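Please keep the sequence and the model in view while reading.

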Amino acid sequence: MNTRFGAAAGPFLIWVVAMVLILVAWQLLVWATGLPPYVIPPPALAFSTLLDNWPRLSVLTGQTLYETAIGYLLGAVIGFLLALAMGQIRVVQRLVMPALIISQAVPIVAIAAPLVIIFGFGITPKLIIVAWIVFFPVVVNVLDGLASVDRDMLNLARLMGGGSLRTFAIVKLPACIGPLFSGLKIGATYAVTGAVIGEWTASSKQGLGTYLLTANAQMNTAGVYAAMLLLTVIGVGSFLLVFGLEVLMTPWRSRSTAPAWAQWKPSQPAS
Amino acid sequence: MTYTKLLSATAGLLALATAFGAVPASAADLTTVRFVYDWPSADFELIPTLVGQQKGFYEAEGIKVDVIFPPDSQTTARLLAVGQAEIGFEATTDVVFGAAQGIPITSVGLYTKSNNWGLFGRPDEPLSLDNLKGKSIAIYTDSWTKAMMPFVLKAAKLTEDDVKLIIAQDSDTNLLLAGKIDIATNTENYLVPQVQETLKKDPTALVGKAAGAPDVPVWTYTASTDYLAAHGDVAKKWMRATIKATEWAAEHPEEAAEMFTKAYPEGGSLAYNVSGWKLTAALMKGDSGYMMQEDKNWLPIAQALKDTDQIKEVLPGSKYYTNELLK
């Protein structure tokens, strides 16, 4: 029991240590540069500003989190399905890939304004921007996963009479789960940036992105950093959530034996 | 000619040129003043500075002005405070916020004297405080808009819930022209030329007092108090030259705008710059002359920010401005 707790607590503790180190580095930077709080506030001031404004910031965090989560799911699902289609049908891959690469080469801020003009000030343009950022790493990683399926496994499946659909479900799909999570983790950290860009362009509802601008306009640097802390929490939290899902869904990547609950034990024959 | 002879000849020519002052000694003697603008790119409000540079007004005072464009529209005060620039140009609300946050900057001379901010509608679409209810109005996240909107809503006898406020980060003119909003909030000198250029018509407008807003200045020149204490003499030279340049540019608007358009072609067409600069220049002198400022210019702005809970208290006028450089 203690060992299992220790194994689970290990990565968490490492994260806590990493966070503390970042805060220490931040404080040291403030001390070393001697810059005033209106340029770089010390961590304590940023945290106290966050707490003082929590009633307002919690509402804004909810809005940004909502945009991030929905846009992320949208991008992940579209990316995964697109990658599957591209992996299965070569013509689709050849046709779509250049467009995908071009789509990522265009700065997202450049398309944000036209999106608002086309779709208005509601949540739609924000979701599109978040999905736009998320779907590409998912597509690329899943495609890589599909391309690296063991040829021998495919041949074996065919020899054993597996049709293309069954081969896909039993051999190809499991092979791309690992790369899928790699794409999902990258997307999880970037998604919140997409939500902020969406809010910055034009919005009928305020979120952390618009708060950040307002605080900056008021030269409330501590407020800017408080919003940045919350955005960081969303980004890191999203990553950890996907990481947790990955550990749960791909147990073979982190352990060599199945967990006890999943182990099949044949019933003892009656003597 | 051998290599040695060539070297000797070159050295001789250089010595001769230096002796007779052909090498521009003045360039080395000039004191550099870094002027940080209020916006990440150039526009026609930079005309006085450019005229000062190109017509030699700064050089005549023994200074050389380097223009710096900040990373965003809210960084100017902080760049001044940490000594990354000497003179700044920014919205008057920035000075009030700076004072509230303890940033050691002060206004050294008003750029414009009256409020040309307001509400703008598409050409031929009626716009009045009586028909604002239910309209979608684009607002910026800047402090100026936040300070002015309550005045508009109060004059229209409305609350924020009676209108649909759209938060815009970039230009709201495009949203207005695309029919995505009913009303844009902006300053007249920027929005009107853009609409004129695009539609060849004037937008409908409620500007300044007509929009219910107080008649307060929008832009000002600033400096850090530390810099003024240490280099007030240089700042005074900058001020003298800038006033001369402003007077010249106001008297020769077409020529000044043409000069700007050539120097900053990305800053808009000549027609846009002429129109924008003429609208700007008309606001600059006021009753008290260029740059001069008084409590009545500043205290209403601070009060407006206090009334909208953006600052905690209104400070004495001396905390916001000084006329020392004009003496």
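**Strand pairing and helix packing**

Glu90(B) has Thr220(B), in β10(B), as its bridge partner. This is a predicted model, in which local features need pLDDT of at least 70, side-chain atom pairs count only at pLDDT 80 or more, and totals for chains, interfaces and linings use all residues. Residues are numbered from 1 along each chain as its sequence is written, chains are lettered from A and ligands numbered from 1 in the order in which they are written, and side-chain values use heavy atoms, with hydrogens and water left out. Helices (H or I, at least four residues) and strands (E, at least two) are DSSP runs, numbered from the N terminus.

**The sheet of chain B**

- β3(B) and strand β10 (residues 219-224) of chain B are paired in the antiparallel sense, over five bridges; two strands pair if DSSP finds at least two bridges between them.
- Strand β1 (residues 31-36) of chain B pairs in the parallel sense with strand β2 (residues 63-68) of chain B, over six bridges. Within this pair, Val65(B) in β2(B) is opposite Val33(B).
- β1(B) also runs parallel to strand β3 (residues 87-91) of chain B, joined by two bridges. Here Ile87(B) in β3(B) is opposite Phe35(B).
- In chain B, five strands form an open sheet with mixed pairing, in the order β2-β1-β3-β10-β4. At its edges are β2 and β4 (105-110) of chain B, each of which pairs on one side only.
- From one strand to the next, the twist averages 30 degrees. Axes are lines fitted to C-alpha atoms, for helices over the stretch in contact, and angles run from 0 to 180 degrees between N-to-C directions.
- Helix α3 (residues 47-54) of chain B packs on the sheet and touches β1, β2 and β10 of chain B, with a direction about 140 degrees from that of β2(B). Contact means heavy atoms within 4.5 Å.
- Helix α6 (residues 92-100) of chain B also packs on the sheet, where it touches β3, β4 and β10 of chain B; its direction makes about 105 degrees with that of β3(B).

**A helix pair in chain B**

- Helix α9 (residues 188-199) of chain B packs with helix α12 (residues 270-281) of chain B at about 150 degrees, their axes being 8 Å apart. α9(B) is therefore roughly antiparallel to α12(B), a term for angles over 145 degrees, whereas under 35 counts as roughly parallel, 65 to 115 as roughly perpendicular and the rest as oblique.
- Residues of α9(B) in this contact include Tyr190(B), Val192(B) and Pro193(B), and those of α12(B) include Tyr272(B) and Leu279(B). By class, the contact has five nonpolar, six polar and two charged residues. Ala, Val, Leu, Ile, Met, Phe, Trp, Tyr, Cys and Pro count as nonpolar, Asp, Glu, Lys and Arg as charged, and the others, Gly among them, as polar.

**Chain A**

- The axes of helix α3 (residues 54-88) of chain A and helix α9 (residues 177-201) of chain A come within 8 Å, crossing at roughly 135 degrees. α3(A) is therefore oblique to α9(A).
- Among the residues in contact are Tyr72(A) and Phe80(A) of α3(A), together with Leu184(A) and Val192(A) of α9(A). The contact comprises nine nonpolar, three polar and three charged residues.
- Residues 99-121 of chain A are 83% helix and 0% strand, with end C-alpha atoms 27 Å apart.
- Residues 159-181 of chain A are 78% helix and 0% strand, with end C-alpha atoms 30 Å apart.
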